[in-house]
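Colleague: I would like to learn how to read a structure like this one, feature by feature. Could you walk me through it?

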Amino acid sequence: MRTLENFPRVRLGLFPTPVHKLENISLLLHRNIFIKRDDLTGLGLGGNKIRKLEFLLADARAQGAEIVFTTGGAQSNHAMLTAAAAGKLGMKAVLVLKKRGVTECVGNQFLERLMGTEVRFVDTDDYADIYAEMDRIGKEYGQPYYKIPCGGSNALGSLGYVDCAREIAGQGLHFDHIVCAEGSGGTMAGLALGAKLFLPGTKVHGMMVDTDPFDRITPALMREAAQLLGISMEITQQDFSLRDMCGPGYAIPSEAGNAAVTLMAEREGIFLDPVYTGKAFAGLLEMAEEEVFEEKENILFLHSGGAGGLFAIQ
Ligand SMILES: *Cc1c(COP(=O)(O)O)cnc(C)c1O
């Protein structure tokens, strides 16, 4: 096995992120609910993309690229955090975003303005158009460049969450369940693979906030990440579970998601977001309602960030 330490990595975040109990919500649900504070990863407004970018931007550097492209919707947290990370490392980020969602200068668009980030919009739903545009701009610059896929969700990016599972294993509590949002798949795939390696007896549940075929994407990414690590292990449908929490559509708030955002704000003073973590926590609430969790089990909710969206969407 090629260990995680063998991969080049830039230091961007503040790790380990805290784990603590949600006392009021635990009382309310009669279950032991904990939270992993990846909203406090320490760069930009925090969030899960920092863990992926530690591997991805190190790879960009190793390949001699100082220009990095990435993509997403107009309010992509990942794109904003890529710009923040690139700035910190003295690299240049160019965001080629889909002209979808809130394009006005609010939320993550506002933060990109603040950082002086180069943002280009392409009116398309097809990533082939986006990557072609990146290549066109890259040629214009005439310097080596590096393309990071949507959400940083390739095998290398997923290693950030394999490492997060290892981090959780070192934080002293056993969790029977981990619940996280699944938007492009890298977080869930990394956690599920990491759980197989470092968290025996922990089930990982992905709360789908988009309509992509995650039943295929998740195990495929898990296999690719395992291959990167030089591990041969069988990945089956038993290694993860999925729940559809998308509601009316990706980045369109749902009633259940909004109620979860409100509950967390009122009871715990913690802010979720309407696109990812609100819908994911709504999924956890549903699972509690359906008695998926037993009374003495420990459940960990991954707060993957997203604060920028709170000021743009809804
Ligand atoms: C991107 C994102 C997710 C989803 O993670 P994926 O690895 O893309 O599935 C969850 N929460 C927030 C706040 C995000 O920005």
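Modeller: Gladly. Let us begin with a term: strands are DSSP runs of E with at least two residues, and they are numbered from the N terminus. Keep in mind throughout that this is a predicted model.

Colleague: Is Lys147 buried, partly exposed or exposed?

Modeller: Buried means under 20% relative accessible area and exposed means over 50%. Lys147 counts as partly exposed because its relative accessibility is 33%.

Colleague: And which residues is Lys147 in contact with, leaving aside its neighbours within four places in sequence?

Modeller: Those are Phe69, Tyr131, Met134 and Asp135. With Asp135, the side chain of Lys147 makes a polar contact of 2.9 Å.

Colleague: Let us go up a level. What does the domain assignment give for the chain?

Modeller: It gives domain 1 (4–47 + 153–311) and domain 2 (49–151). Their C-alpha centres lie 24 Å apart, and the contact takes 35 residues from domain 1 and 26 residues from domain 2.

Colleague: How should I think about the interior?

Modeller: In soluble globular proteins, nonpolar side chains tend to be buried together. Here the largest nonpolar core has 59 residues, and Leu12, Leu57, Leu159 and Leu191 touch the most other members. Elements that each supply at least two residues of this core include helix H2 (49–62), helix H6 (155–169), helix H7 (186–198) and strand S10 (298–303). Domain 1 and domain 2 each contribute at least three residues to this core. There is also a second, separate core of 28 residues, with Ile25, Ile33, Met245 and Phe281 among them.

Colleague: Could we zoom in on Leu159? Which residues is Leu159 in contact with, beyond its neighbours within four places in sequence?

Modeller: Leu159 is in contact with Leu4, Phe7, Phe55, Ala225, Leu228 and Leu229.

Colleague: How do I read a helix such as H6?

Modeller: An α-helix has 3.6 residues a turn, so residues three or four places apart point the same way. H6 has 15 residues and spans 21 Å from its first C-alpha to its last, close to the 21 Å expected at 1.5 Å a residue. H6 is mostly covered, with 13 of its 15 residues buried.

Colleague: What about the ligand? Which residues are the closest to the ligand?

Modeller: Of the 16 residues that surround the ligand, the closest are Lys49, Lys52, Ser184, Thr187 and Ser304. Look at the polar atoms next. Oxygen atoms of the ligand lie 2.9 Å from a polar side-chain atom of Lys49 and 2.7 Å from one of Thr187. For Ser304, an N or O atom of the side chain is 2.7 Å from a nitrogen atom of the ligand.

Conventions. Residues are numbered from 1 along each chain as its sequence is written. This is a predicted model: local features need pLDDT of at least 70, side-chain atom pairs count only at pLDDT 80 or more; totals for chains, interfaces and linings use all residues. Side-chain values use heavy atoms; hydrogens and water are left out. A nonpolar core is a set of buried Ala, Val, Leu, Ile, Met, Phe, Trp, Tyr and Cys residues joined through side-chain atoms within 4.5 Å. Buried means under 20% relative accessible area, exposed over 50%, partly exposed in between (1.4 Å probe, protein chains only). Helices (H or I, at least four residues) and strands (E, at least two) are DSSP runs, numbered from the N terminus. Domain bounds come from an automatic or database domain assignment. Contact means heavy atoms within 4.5 Å. The expected span of a helix is 1.5 Å times one less than its number of residues. A residue is near a molecule or strand if one of its heavy atoms lies within 4 Å of it. A polar contact is a pair of N or O atoms within 3.5 Å; within protein, one must be able to donate a hydrogen and the other to accept it, and residues adjacent in sequence count only if both atoms are side-chain atoms.
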